[in-house]
Structures are given as C-alpha cells and as structure tokens.
Amino acid sequence: SDLGGRAQTQALRASGRAMKLPATALLAAAVLASPGAARGIDYVAGEELSNVHLLQTAATAEKREAKRPFRCAPVEKVWDETGRYQKAGYCGQLEYPAMYDKTKWYPGSPAEVDLFKPLAEVRMNHVLDDLFKHFGYLNDWINPSSSAESLVVLGPDGINKSIGYEAIKKKWLFSQGDKFPNPVEMTFKWDGHEIHSLQDHACMNADDPYCYANGWLKNQNELNASVFDDYDKFNIYAEKQCRSMHEKYDFGNDHISMLTHVQETNPLYEMVDYSCDKSDMKGPLPKDRDFAKHAYVKCLMNYAMSEIPYCYFRGCVLEGNRIGHADECDY
C-alpha cells in the first residue's frame, strides 16, 4: 500500500537527526488510514477498551500461579491492581522486581493518556522521537535500553554509525548455549510451522517461535552480520521488514495501543506454551499474525531496531527446522 508523505519524510531525514525514525510516521499514517482504525475516541484513563483481541481472552481458567512441572514459555509479568503497571516479573523460577518509573507512571498521571491512545497516533504526535525513550521506563521491555540510539555512535564526520556487529552481539546475545544445565528438548507447532529447540536459557526459549515467525533469526530473510555493521543498511532493512508486516496483515482494525500490547503479553506466552509438546496445558495456539502484531508495536516505536538484533542473536535456523543457539550459530 502507498504510505504517502514521502516528501515530508525526506525533509525530516535531511534535518540531520540522529535516528532515521520519521518514516515510522508513515507506518502510523497507514494504520490510522485503515478503514477500521479508531476515530474520534476520547481516551480517558480507566475507560473500557473498544476492542478485545483474541490474545487478551486466550488464558484458560487454570491460573498462572498454579504449580506446573514444566513450562516451555516460563515468562510472566505481574501487574498491579489496575493491570497497567508491572509489579514484578518471572523468568523461569527467577522473580525480579518492578522496573518502571513510578514518578511518571501511576493511575491518573499526565503520561498515562498515551497508554490508551492508538500507538499510531502517539507516533504521529512524536514524529522525531524514538518511542522507547518517549515512554521511558514503563516496564522491563518498554524502556530506553531498547532505543535505536543504543546501536549508534557519532562518527568523526558528525554522522551516526553503527556501534558494530561485535558490540551489538555483546548487547543482545543472552544464550547460555550448551552450558545450560539439564536442558529439555522442545518442539513447537503452530500455524503450519514446526520447530525444535533445546533449552538454553531460564526462559528465552519462549521467544523462539516469535522470532522464527517474524523471520528474524539468523539464516532467515538475508539477515547477517553485514546488516548490523552498517547503520544505514540496517535502518533500510528494518524499515522494509516493518512495511512488509503491515502490508501483509493490515493492523488498522486492531486498535493497537501500548495498554493492549502490555496486556496481551502474558496470554501470548501462554499460547506459546500450548504449542509446545512438553506442555501439560492445552488451549488456543498462536497464529503468525499474533506474533507479528506484538512485533509491530516495536515497528511503530523505532522500526524494531532492537527487536531484530535480539531475535538474530536469540538463535539460528538449522537443518530440520532445529533452532540452534550460541556457539551453534557461529555468531
């Protein structure tokens, strides 16, 4: 689809801003221009959301707190009584405390209105901003550490350059590889896909189906070290990935907001559990579109320029759709 506004985008890019983010406004414009996009809504804190997506209703009656012998996707966010702010989180058996800015984010705060607005509208209101910095420390995955600025360094000529492949690898390679004790072999099946993954981390195997579905693991979609070494090349790659995602799925009818994004996170991981052969739970399986919708939030934020390297260093696709990790992937 024609996203329009190319002249404005070129002018903004020519302004010398650090990150080539203005074109994300074109993605936002495309979302807002879709026939089903929300119009004329008053965004009031506490107001009922106009649309409830499958991911928000996917959880079964079995509570997350119940003891389980094994989870393939042992990731959980613990919310406060409003369901907006993270009190704690779980990665496997590890509990970690809340990581949000309580001076900015609290019920009725001036910033809170942006949780309820369509994210595409927030993007249009902050055309030049990396939204990871705009939202600040909202929770453990929406915070400035995922801003695109973390991937660049100012060169002697005053032009931003990539911090380089090795530095990006150091930032995003979390796998313990064959050092993980007593690993479990898992098979995930969803939406016509089947992948095999050997446990290599306390909880991050949960993201293998997500990264695979979006095509951002190593050995997918021509993603390689040379892309990360050249900031302009990476920016163009990320932009194309996000445009393709929107053209394929058209998220204009989904009423994506930051609040729907955070509220969909636990149900999404539960559906990943349902797709795993080692899970003792049964429920609705994820669709590729569900994974893409979750990723598209990052596209509107900053072209997913941190999400893509996270997935790339998460693992690689090997023969037989086996997902390799760490040394297996020859990073």
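I count rings of Phe, Tyr and Trp (its six-membered ring) as a pair if their centres lie within 6.5 Å. By this rule I find 19 aromatic pairs in this predicted model.

**Entry on one ring pair.** I looked up Trp 190 and Phe 291. Their ring centres are 6.0 Å apart and their planes stand at 90°; planes over 60 degrees apart count as edge-to-face, so this pair is edge-to-face. Trp 190 belongs to strand β6 (residues 185-190) and Phe 291 to helix α12 (residues 288-302). The pair thus links distant parts of the chain, 101 residues apart. I then checked accessibility: Trp 190 is buried at 1% relative accessibility, and Phe 291 is buried with a relative accessible area of 1%.

**Entry on a ring cluster.** I noted that ring pairs link Tyr 165, Phe 228, Phe 234, Tyr 312, Phe 313 and Tyr 331 into a cluster.

**Entry on two helices.** I examined helix α7 (residues 165-172) and helix α13 (residues 307-314), whose axes come within 9 Å and cross at roughly 80°. That angle makes α7 roughly perpendicular to α13. On the α7 side, the contact is made by Tyr 165, Ile 168, Lys 169 and Trp 172. On the α13 side, I list Pro 309, Tyr 310, Tyr 312 and Phe 313. The residues of this contact divide into 7 nonpolar, no polar and 1 charged.

**Entry on the whole chain.** I recorded 13 helices and 9 strands in the protein chain. Of its 331 residues, 55% are buried. Among contacts with a separation of 6 or more, 67% join residues 24 or more positions apart. The chain exposes about 14700 Å², and carbon and sulfur atoms supply 52% of that area.

How values were computed
Residues numbered from 1 in each chain as written. Predicted model: local features only at pLDDT ≥ 70, side-chain atom pairs only at ≥ 80, totals over all residues. Heavy atoms only, no water. Helix = DSSP H or I, 4+ residues; strand = E, 2+ residues; numbered from the N terminus. Buried < 20%, exposed > 50% of the residue type's maximum accessible area, 1.4 Å probe, protein only. Contact = heavy atoms within 4.5 Å. Areas by Shrake-Rupley, 256 points an atom, 1.4 Å probe, with all protein chains shown as cover. Axes fitted to C-alpha atoms, helices over the stretch in contact; angles between N-to-C directions. Parallel < 35°, antiparallel > 145°, perpendicular 65-115°, else oblique. Nonpolar A, V, L, I, M, F, W, Y, C, P; charged D, E, K, R; others polar. Phe/Tyr/Trp six-rings, centres within 6.5 Å; stacked < 30°, edge-to-face > 60°.
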